[in-house]
Amino acid sequence: MTPERQIRAFYTGETIRVYQAYSDAIADTALKHGTFVSPPFSMNRMTWIKPSFLWMMYRAGWGYKDGQRRILAVNITPEGFNWALAHSCPSERPHGLDDEGWRQLKAASPVRIQWDPERDLHLAPLPHRAIQIGLSGEAVRLYVSDWIKTITDITALAHNIYADVKAGDLDSARSRLPAERAYRPNVSLG
């Protein structure tokens with residue numbers, strides 16, 4: 001049985017894959033340069049990375065939502081991923097923390113962690129949760145300059161899996177999914 005909160009991802013010894021969805025302008029520039037370039041990518045906004053393929057499909061509507069029509073698979077270093085986790089705080093104020101404590105925690109943490117229901121092939125919620133990681137400030141700069149190893153456009157894969165789902169061919173859809181497994185970071189979550 002899958003624990004309620006577990007990081008699941010496609011990873012090797014050299015990289016861990018996260019997903020993002022963007023407009024053509026941001027995706028084309030990122031693919032050309034092998035990283036995100038400002039402009040059109042904003043270095044001043046929080047950017048959310050998602051290790052779960054199906055959660056990304058839920059968020060981006062399989063790559064059919066405006067502004068999220070291009071699905072990118074971004075392979076980053078495990079060191080960068082672990083740094084993000086080590087420098088994180090929850091996206092919502094922890095129970096028992098007063099306003100000042102919450103302000104200080106957020107100011108000291110360039111990364112936000114959020115746990116949302118994982119999704120199945122029909123994008124229905126599952127009982128366990130997938131991690132979403134919001135990068136801001138220093139974390140965005142490190143992501144763009146140091147952590148990214150490769151960026152691949154997987155929009156066609158997303159569309160093909162969605163076509164299989166719509167056709168009721170769930171076995172084919174499952175066979176195309178990235179092989180995600182439990183990832184155990186070498187740091188504790190902030």
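The points that follow concern a predicted model.

1. Largest core. This nonpolar core has 33 residues, and those that touch the most other members are Phe-36, Val-74, Ile-76, Phe-81, Ile-133, Leu-135 and Tyr-143. Two or more residues each are supplied by strands E2 (16-22), E4 (70-76), E6 (111-119), E7 (125-135) and E8 (148-153), and by helices H1 (24-33), H3 (78-86) and H5 (138-147). Helix H5 gives the largest share, six residues.

2. Contacts of Phe-81. Leaving aside residues up to four places away in sequence, Phe-81 touches Ile-7, Ile-16, Val-18, Pro-51, Ile-76, Ile-133 and Tyr-183. Another core, of 17 residues, lies apart from the largest one; Phe-53, Ile-71, Leu-121 and Val-165 are among its members.

3. Helix H1. The residues Ile-26, Ala-27, Thr-29 and Ala-30 of H1 are buried. They lie on the same side of the helix, because they cover an arc of only 170° around its axis. The packing partners of the buried H1 residues are E2, E4 and E8. Just after H1, Gly-34 adopts a positive phi of about 75°.

4. Glu-138. This residue is found in helix H5. Glu-138 touches Trp-83 and Pro-110, with residues up to four places away in sequence not counted. Gln-104 is 34 residues from Glu-138 in sequence, and their C-alpha atoms are 16 Å apart in space.

Note on methods. Residues are numbered from 1 along each chain as its sequence is written. This is a predicted model: local features need pLDDT of at least 70, side-chain atom pairs count only at pLDDT 80 or more; totals for chains, interfaces and linings use all residues. Side-chain values use heavy atoms; hydrogens and water are left out. A nonpolar core is a set of buried Ala, Val, Leu, Ile, Met, Phe, Trp, Tyr and Cys residues joined through side-chain atoms within 4.5 Å. Buried means under 20% relative accessible area, exposed over 50%, partly exposed in between (1.4 Å probe, protein chains only). Helices (H or I, at least four residues) and strands (E, at least two) are DSSP runs, numbered from the N terminus. Contact means heavy atoms within 4.5 Å. The arc is that of the directions from the helix axis to the C-beta atoms.
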